[in-house]
Structure formats: C-alpha cells, structure tokens
There are 2 protein chains.
Amino acid sequence: MQKEPFSEWYNDVIERAGLSDKRYSIKGMNIWLPYGWKLMGNIDRVIRKEMFATDHEEVCFPTLIPEDHFKKESEHIKGFEGEVYWVTHGGKDLLERPMLLRPTSEAAMYPMFSIWVRSHADLPLKIFQIINMFRYETKQTRSFIRVRECHFFEAHTCHPNAEGAEAQIAQDIGIMKRVGEQLCLPYLLVKRPEWDKFPGAIYSISADTLTPSGRTLQIGTIHQYGENFARPYDITYEDLHGQHQYVHQTTYGMSERLLAAIVALHGDEKGLVLPPSIAPHQVVVIPIPYKGIDVTDECKEIQRILSPQYRVHLDSRDVRPGSKYYDWEIKGVPLRLEVGPRDVEKKEVTLVRRDTGEKRTVPRDRLSEAVGDCLRSIGEDMRKKALGRLETSIIPIDSMKAMEKGNGILKAGWCGNEACGLEIESTSGMQMLGTPLSDSDESCKCIVCGKPGKSAYVARTY
Amino acid sequence: MQKEPFSEWYNDVIERAGLSDKRYSIKGMNIWLPYGWKLMGNIDRVIRKEMFATDHEEVCFPTLIPEDHFKKESEHIKGFEGEVYWVTHGGKDLLERPMLLRPTSEAAMYPMFSIWVRSHADLPLKIFQIINMFRYETKQTRSFIRVRECHFFEAHTCHPNAEGAEAQIAQDIGIMKRVGEQLCLPYLLVKRPEWDKFPGAIYSISADTLTPSGRTLQIGTIHQYGENFARPYDITYEDLHGQHQYVHQTTYGMSERLLAAIVALHGDEKGLVLPPSIAPHQVVVIPIPYKGIDVTDECKEIQRILSPQYRVHLDSRDVRPGSKYYDWEIKGVPLRLEVGPRDVEKKEVTLVRRDTGEKRTVPRDRLSEAVGDCLRSIGEDMRKKALGRLETSIIPIDSMKAMEKGNGILKAGWCGNEACGLEIESTSGMQMLGTPLSDSDESCKCIVCGKPGKSAYVARTY
C-alpha cells in the first residue's frame, strides 16, 4: 500500500482501521463502526469541554424543519434549496406542510429564539448541539469529507449588539485554536471571499487545513450574521430604555471533517496515527511470552498501574505479538508497551512510539511518569510536524505567470475585487480561500490588476 | 399546582424544570433543553456502561432506509408502514428510490449483517446504538411518552442458534434489572400477547411501569426474532461442518420514556425528584448569609471537598436563599446543603433531602462520607417507595364481574387464547399487558372461559 494516490490510501485506512463502512446502500450515508464512533465521541468530548468552559449550553433540536420556517431568509434558502432532502409523506398521507431534513439549524432554532429572547437579561444566548445533518450532495462523496448524513457540531449565539457578536467571534477563534491544538491539527484562518460566504452571513471565517493530497479541507467555520436572520425571524429584545432591538447573531460549525483531517494529516503507510488526546486506547500492552515463560501477571499489573491515568488496553489474544503490533498500528494507538520475560526480570518495560517508531526502555518504578511524558511528546511532535508541513506548503507567488497548478497553497496579492478573484480561480483551476485573518501582508499588489491589495490564499479544495 | 389531573402536572413540571420545549412548530417534535438533555445524557451513560460490560459494541447507522430494504420482511412492514415518514425528493429531484426515516433499524442494519456475518467466528454479533427515530404518530403526542422524533436505544444481536439467542434475552433481562435499579424504576416483566408483539418477532417481553395516572408505560422491550429476519435478509454463517445456517436474532429497546417514567413516578407537587445516579447536580450548596456575614469561602471549600466524588453545584446567584430552594426543588436536585454563619461557627453543614424534606446537621469533618450515605439512602428509599406503590397497585380479580374500570393493574386468570384476551380488553376498556415472566400463577382459571390458564396483567396503557 502506497500513500499515493492519496484517495486510495485514505479509503483503505478508514476501512482497515474499522472507522466507517461505506457499503450501506445509500451512497454517502455511511455506518459508524465501533472504533470510529468511539474516536468521534472523544473528539466531541474535546469540543463539549471547550463549549461548557465558555458558557455555552447544549441542546438538541428536532431534525425536521417545516418548509415555511426554512423559507424566511432568502439568501439562506438560495444557498441550500438545491441540496435538502424533503419529507413529503407520513404513512400514506401527503403532509399538508412539507418538511426538510436540517442541512443546518438556523431555520429550526430561530423561530424559537424569537420566543426565548425577550429582554436584555436573556442575552447573550449561547447554545450548541452535536447532531446529524443532511445534504443531498451531488458531487462525489468521500468518507468524513463529503457525506450526505454528517455528524455535525453547531453553536448559535445572540447578542445585544455588534460588539457582543464580535467578541463572540473572538472567543470562537480561541476555541478553534484549543481544539486544533488538542487534535494536533494546524490550519489557516481566513476570511472567505464574498461569493463563498455562508448563505445569509455578513462574513464567514474558515479554518482550512491541508491534506497530503494537496487539497485544503475546511474543518471549522465561524459566521457573523449581524441582524440578517434576526429581522426575518423577528428576534428582538427590549433594551434598558424599553426599546425593541434586533439581536446580533453568530454561528460556529465543525463536523466529522475533524476526523477526516486527523486521518489524513497524521496517518502513514502502516495506518492511523492518533493524537493521544482522543485515541480510544492511548496505550496498548502486549505480552511477549518466551520459551513458555508467562508474563500475563506482569502485564495485568502494568494495566492496573496505568489505568487510573490513561486509557489502557491489554491485548491478551492468543495470536503472535507481531500480528498484535500490526493490528494496533493500523488503529493508530499512540504508545505500545512490550513486556517480555527479560523486561520482567530487569524490572523494565519497553515503550514504542507509533508516530516515530522510536523504542526505549524505562524502569518499571517510573512507568506511569514515563508514559505521561511520552504521550505528551507524541502530541507535541505530531503538532509540530503537521504545522511544519502546512507552513512549507505555502508558496508565495507574485504574478499570474508564476501560478502553476501544483500541490499546496498559493499566497498571492489580491485587490479584493470579485472579478480579479474569479480570474485567479479560473486561471489556476483552484479556489480562492480568502484573506488571512492574521499575518496578512497588506502592502502587496493584486496579481491580476496590479492595484494595491492584501495577500490571499488560493488552493485546490475538497 | 395539584398532582391531579396527572397530565397537567406532568406537562407543567417538564416545562418548569426546563427539560423540553414543546412549542416547536411540528407537533410531537420537541426541543431538548439544556437540563433535560444533560439528564438524558446521564441516563444514556448508565445504559452504555451496562452494554459495554456485556460485550456490546456501539455503532451508528444512517437515519434513512431505502424503501426496498424496508420491504423485505412482511410482518415488519405491516407493523410500521402506517407510521413512517417518507423522503421523496432531494433538492428539486424526485428520488428514484424513496427512503424512509428509521422507525427502528432492522431494515437499516440487517442487509449489513448479511455482509458482516460470514462464519461462526463472527458470532455472536452484539451491537447497539443510541439515536433518534421517527414515527408519524396520529394519536395525541405527549413529551417523552409519545413523540414523533424519539431519543432511542436499540441493541441488535445475532447468534448461531436458538440457545444463544435465549441466553442473550436472559442477559438483557439482567441489564434491564440493573438499569431499573439505578434509575429507581420498578416494573413488571411480561410476555406480550401474540397480537401485541413486535412486528416480525416470535415473542416480545416488555418492562411496564405504572404512572400515577393509573396508566402503565412500556419502558423497555426485548424481542426474540428467531430466524424471522435472517431468512428475508439472508443472514447466514458457515458452521463448523461447513454448512450455511441462518443466525438467530434478538433486539432490545429503550427510549426517552425512561425519563418520562422518572418524572412521573418520582415527581411531587414541588417538581422533579431525581435519582442521585443520574441527577445533573447531585448536591447544590446554598450560602445563607446573615447580618452581613459572608459564607462564600466556606461554601467554596465545601464544593472543593465534594467535587472529586459528587456532582456539586454552588448557587452563588444574588437572590434570596428561599428562591434558590424553590428553583432547585423544581429541578429535583437530590440533596441541598445549607451553609449559614452558625454552621460555619459550629463546623457543621445542614443537609436537606429533596425526596423526604428531611433535614439534618452533620459535622463538617465527615461531610463527604455523610453526603455519600445520604445519596445512597435517597436512592434506596426512592426505589423502595416506587416499588411499594407498584406492588400495591396490582389488584387480583377472579371474575369478569369484578373487573372495574379503575386505576391500577388488574391481575386475572387467562387461558392464553386471543378471543378471551380480546374479550377481557373490550369489557375492561383496558389492554392485556401479557403474562408475567416470573411469579406467574399457573393454576388459575381464565376469567372468560373458565379453562385452566395463567395469571395475566391488564391495565390502561400509554
């Protein structure tokens, strides 16, 4: 198995690691297998913790949205009407009011926000949900990247004014940073061009990471709605002066694409490589009996010592150690502990890192500490390595001529005009990701029209 | 607010405790509010733990099922076709293959089981999922009891033979028992009559509890499928002799009705009363400042001491203690800790039980132990009290004349014949729950025909 072409490797590793089964008879609707579901659950846990720490509350709205609620904000409908599934019948009855499967939950939530929000004391309203959403994708589907039923996180907030909403966006950027760190996912934070913002938003910010295929993957989005939804959905509050004001809204979305990125950015020819923060097993203990000397007791003792602090699995199956190594390498377990009779005798344990293959022996009496250090190092090294790859994949270009269709992310001057942006897209065959939120070079010239502009990123995308 | 009529009290307590909002514009599809969703999550955690401990693996299947897969088992279709939602369009396209929203997942899972199960080594296959399911209910909807989108748990297993399937059912009964204990929910375990079994099952076992309205509520079901689904879905394995055999299957289902039962069985005129095992806050600490003496530090210290072992909330809002009591009584927090200047001085803490209102003072240096003892007692007492009520509500009757339309569960002799069963139902205006799985009196006479029979339960149901 080769990492090239990327797509084949990607599909293969998802299958072999037991993350997802795409043989379900509706294309793009896949089955979460036990290991994949556990992994996704651990990612959800990272997100939940960040959301609770920033005073968001978790809710769960219905999956179905009545057509009339969906049709209230016109840009929003235009953006989604081609890709929603419609429920038209209940039993044998034609429903009077057709309903759609949520592609996102603005139209489900905002009529309720209109009821829930009465006065300034109800603000800010900060909620999130982790649910399944549906899109009738017509493009080629791909596990975790482009699916028709998607495991989705969405936060929705209401604020008394623009400043409140902007402060929320700053908080969201901080959450994205901490989630990215824990999942060892580097990304570029960009403001999307006007023609690619979320339908109904004033502006959209995206976190884009780069996969080994050379395509970028959007792994998080933050949207400023201003009053764009508050007006059609009539979400107002009474301010301190007794005046009714529209709320200002934001949303923040992430999805199973986080898992796609973890698979893509860290996996190698042996299989997955999982960040310790979310690995279902952080440590696997492999007994290596030799000449009939049983080491089971020692392995159980090691499991007992480590279990209070780490997620430890003892593989006591009756198969050769080599085939256990192989299985757990596919599944990306960060740290393997090998325990043979000599280790027992010398009161040592052998640690093998999944990410580097590095092997070292540590005294048994400081095992717990050594495992902790090692898992921390693995996380840090995975983070650094992925960040290094992203940074070196950014290619500054200063003319249309220099634009080549290659892997990576092009950084070019752009005046901000749609016409020039579309020209860059059509010439490169790539997409305009947008202008970086920080580190933006504000003194460059547009590579199309030569007028003053900012730096912008251009790449092939999923 | 009175507990009578029950329905009003039930709706009111759900609203005031912030469990669910039923003002969503599709009737029977309600919004899980933060407190309700946390509570449901804690119930899910109890279930998950039991399932993992019995070697089940968690998966997540797609929500949509293609029509042709659904139509494979004829009894199953007949049972559900009147109450499924149909997805007919994607965007503006009429779908070639209509799809339905799962009312249960047999038709989603079993085509995959047919692929997954190859040999005896693949058996038993034991999986479960916790998901949302959909039924186009035409009867009156009621929060957590009869809804159109339902939070649902379903386990599906495959075994090499009937013995394996029967052993699974015995295990499921054990799981139901432990779940019931943890949630303080007593129930009757009955074998449903033929005409009321799950569509496609050989037989169905139900756990029925009794609500204060006098109606029973089905809170768990276990089904023996035999080969009934394996044949149409072609789920076979190669046995040790190289012969292809059909698997034997079972399922086990529970839902948000567990929460309905907790609300209904334990709540009182002040609001919810939650079992400590699943209360989002097990303990709430209320500072009682007096004559300007601040007790915040002591309360924080108490929170710090208890937090490692219990779910503790310190209510430091700037409102009167009395209104804090009121709020947390509605939300059913099992134990309230009151801390005033005299308590600080005397190195004591006052504990108030939600279930009994009982108040006692414990020395601060054994607070953690006292809280643990108290929570355990609350759980035990709630369990006992509810069980006592269930047991005293069972009314043995020995003739059709003695059958009155009243609250409670009638226990009558029944020959097992459908005609007599339906006669009992029509005369009483109640439903035949079925014959008890244990404690069945096998020497009684059918109250309709006088032939020898077993005891059976009859009740009004939800």
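Visitor: In which loop is G200(B) found, and is G200(B) buried or exposed?

Guide: Helices (H or I, at least four residues) and strands (E, at least two) are DSSP runs, numbered from the N terminus. G200(B) is found in the loop between β9 (188-191) and β10 (203-210) of chain B. For burial, C-beta atoms are placed from the backbone, and a residue is buried if 20 or more other C-beta atoms lie within 10 Å of its own, exposed if 12 or fewer, and partly exposed in between. G200(B) has 23 other C-beta atoms within 10 Å, so G200(B) is buried.

Visitor: What is G200(B) in contact with, leaving aside its neighbours within four places in sequence?

Guide: Two residues are in contact if their C-beta atoms, placed from the backbone, lie within 7 Å. With those neighbours within four places left aside, G200(B) is in contact with E73(B), E75(B), H76(B), Y225(B), N228(B) and F229(B). C158(B) is 42 residues away from G200(B) along the chain, and their C-alpha atoms are separated by 15 Å.

Visitor: What conventions apply to the numbering and to the model?

Guide: Residues are numbered from 1 along each chain as its sequence is written, while chains are lettered from A and ligands numbered from 1 in the order in which they are written. This is a predicted model, in which local features need pLDDT of at least 70, side-chain atom pairs count only at pLDDT 80 or more, and totals for chains, interfaces and linings use all residues.

Visitor: How many residues are in the largest nonpolar core?

Guide: In soluble globular proteins, nonpolar side chains tend to be buried together. A nonpolar core is a set of buried Ala, Val, Leu, Ile, Met, Phe, Trp, Tyr and Cys residues joined through C-beta atoms within 7 Å. The largest one here has 263 residues, and those with the most contacts inside it are L185, V285 and V458 of chain A and L185, V285 and V458 of chain B.

Visitor: Now a sheet. In what order do the five strands of the open sheet in chain B come?

Guide: Strands of a sheet pair through backbone hydrogen bonds, either parallel or antiparallel. Two strands count as paired if DSSP finds at least two bridges between them. The open sheet in chain B has the order β16-β15-β17-β18-β19, with mixed pairing. β16 (312-314) and β19 (359-363) of chain B are at the edges with a single partner strand each, so one side of each has no neighbour in the sheet. β15 (residues 283-287) of chain B pairs with β16(B) in the parallel sense over three bridges, and V285(B) has L314(B) in β16(B) as its bridge partner.

Visitor: Which strands does helix α9 of chain B lie across?

Guide: For directions, axes are lines fitted to C-alpha atoms, for helices over the stretch in contact, and angles run from 0 to 180 degrees between N-to-C directions. Helix α9 (residues 296-306) of chain B lies across β15, β16, β17 (335-339) and β18 (348-353) of chain B, at about 165 degrees to β15(B). Helix α12 (residues 367-392) of chain B also packs on the sheet, touching β15, β17, β18 and β19 of chain B, and its direction makes about 10 degrees with that of β18(B).

Visitor: How many residues of chain B are in contact with chain A?

Guide: 39 residues of chain B are in contact with 39 residues of chain A. β5(B) gives the largest share of the side of chain B that touches chain A, six residues.

Visitor: Which residues does the cis peptide bond in chain A join?

Guide: L123(A) and P124(A) are joined by a cis peptide bond, with omega about -5 degrees. P124(A) is placed in the loop between α5 (106-116) and β7 (125-134) of chain A.
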